[in-house]
Every structure is written in C-alpha cells, then in structure tokens.
Amino acid sequence: QALDAERQKTEQLLYNVLPQTVAKRLRAGEAVADSFADVSVIFVDIVGFSRLAKILSPGHLVEQLNNFFSVADECADRYGIEKVKTIGDAYLAVSGGTASSDQGARAAINFGRELIGAMQARAEESGVDIKLRIGIHTGPVVGGVVGSNRLAYDYWGDTMNIASRIEGTADANGIAVSSATFFECGGGFDFSGPESLMLKGVGDTEIYRLKMQGV
C-alpha cells in the first residue's frame, strides 16, 4: 500500500510537469515529437519590468511575479490554454496544442483579455501598477520532449518567434495579433488595423490591435 501511495504521488508530480498523455508515452519508452498545423501561440510580458526591479525589494518583486503567474495559470485553466513555461517575467502559452482545448485563436484572445483585466484589478488592490503586453500568432509548430533532466514539453518553430516579435509591438495592457490569428478567430472581437510593421527577423508583418473597452 505504501509503495502504491508513493507511485501515485510520483505520477501526480509528473502530471504537474507534463501533459498526462505525454507522460504515459515517455514511460512507455516512446520518443515524444508531435507536429501541429494550427496552434495559437501567446506571449505575455510585463511592461517596464526593469523599472519595477529597481523600485521594489527582491522579496516584493518575487511576490508580484508569483501573483502574475498565478493569475495567468488560473485564466489558462479557465479557457483551456496550455501553459508552456515562464521565461523571466514572460509567460508563454498555446491554444490548440497537446494539452489545450480546440478553441484555438478565440480562446487565446479571451485568455489575454481576462488576464489583463485580472491584473488591473490586482494593481488597484496592491498599489503596484503592473501592465502587460500580449502578442498572439497562429500557425504550425513542432512539440516534444528533449533531454533527460528536468523534462518539459516544449514547442518550436517560426510561429513561436513571430508571436514573440508581435508581443513587442503591443500597447501597454494591450493585445496585438497577426493576420493569421485575426482571421482564425472568425469575428466576434473588435480590432483596429491592419498595420504593417517591420519585425526583426520576420520582415513586414500585418498586425491587428484588440480594442480593450471594458477591460
């Protein structure tokens, strides 16, 4: 019984790190590599994080980061978004991947809107005005698990790079999306644009900005 309890505990820890289907494939000795034709990649970044790091104590800064990531996780769960990883003060997630819903671009945009609204509410409570920039791009990606230590299911491809570049064009507390995401979401959102911008390593790219009334 004790052995079974420990095994269940180990499995639960593994499922917290990897999607359950992926964990089972790894345990079966299978190499995990998947191709996805239509995933919406979401990059979220804190505006002016370097400034915050200068004015907040290290403990307070970590507390604010933890609040941000916790709120993002809650919003991701609500919309079937798959958290991929955090990178410094950035949060990377996908919609339509191996462990996310099939709602694609619409779920990604709704996730972004709710996250910005939730962080605005937190800012009013805490007095620390954390603003976010969000970029979304939809396209093909490759997902899989590489290495043997600190296993994680990650995604690669030009779609990831483009989403990251689009995030850098978003306004504070704003969401910028590519034309692929704009057309994928099929209406129901109010956008301005298109704007043609030169993105580093990408070239001329059309982006649309979500109008954030009521957020």
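Which exposed residues does the face of H4 turned away from its buried side carry?

1. They are Gly59, Val62, Asp77 and Arg78 (exposed is over 50% relative accessible area, buried under 20%, with a 1.4 Å probe and protein chains only). Keep in mind that this is a predicted model, where local features need pLDDT of at least 70, side-chain atom pairs count only at pLDDT 80 or more, and totals for chains, interfaces and linings use all residues. Residues are numbered from 1 along each chain as its sequence is written, and side-chain values use heavy atoms, with hydrogens and water left out.

2. On the buried side, H4 has Leu61, Gln64, Leu65, Phe68, Phe69, Val71, Ala72, Cys75 and Ala76. Seen down the helix axis, these fall within an arc of 160° (taken from the directions from the axis to the C-beta atoms), so they line one face of H4. Helices here are DSSP runs of H or I, at least four residues, and strands are E runs of at least two, numbered from the N terminus.

3. The cover over those buried H4 residues includes E1, H3 (49-55), E2 (82-87), E3, H5 and E4.

4. Now the largest nonpolar core, at 37 residues (buried Ala, Val, Leu, Ile, Met, Phe, Trp, Tyr and Cys joined through side-chain atoms within 4.5 Å). Phe68, Phe111 and Leu115 are among its residues with the most contacts. H4 and H5 are among the elements that each supply at least two residues.

5. Phe111 is buried in H5. Leaving aside residues up to four places away in sequence, Phe111 touches Ala72, Cys75 and Ala76, among others (contact is heavy atoms within 4.5 Å).
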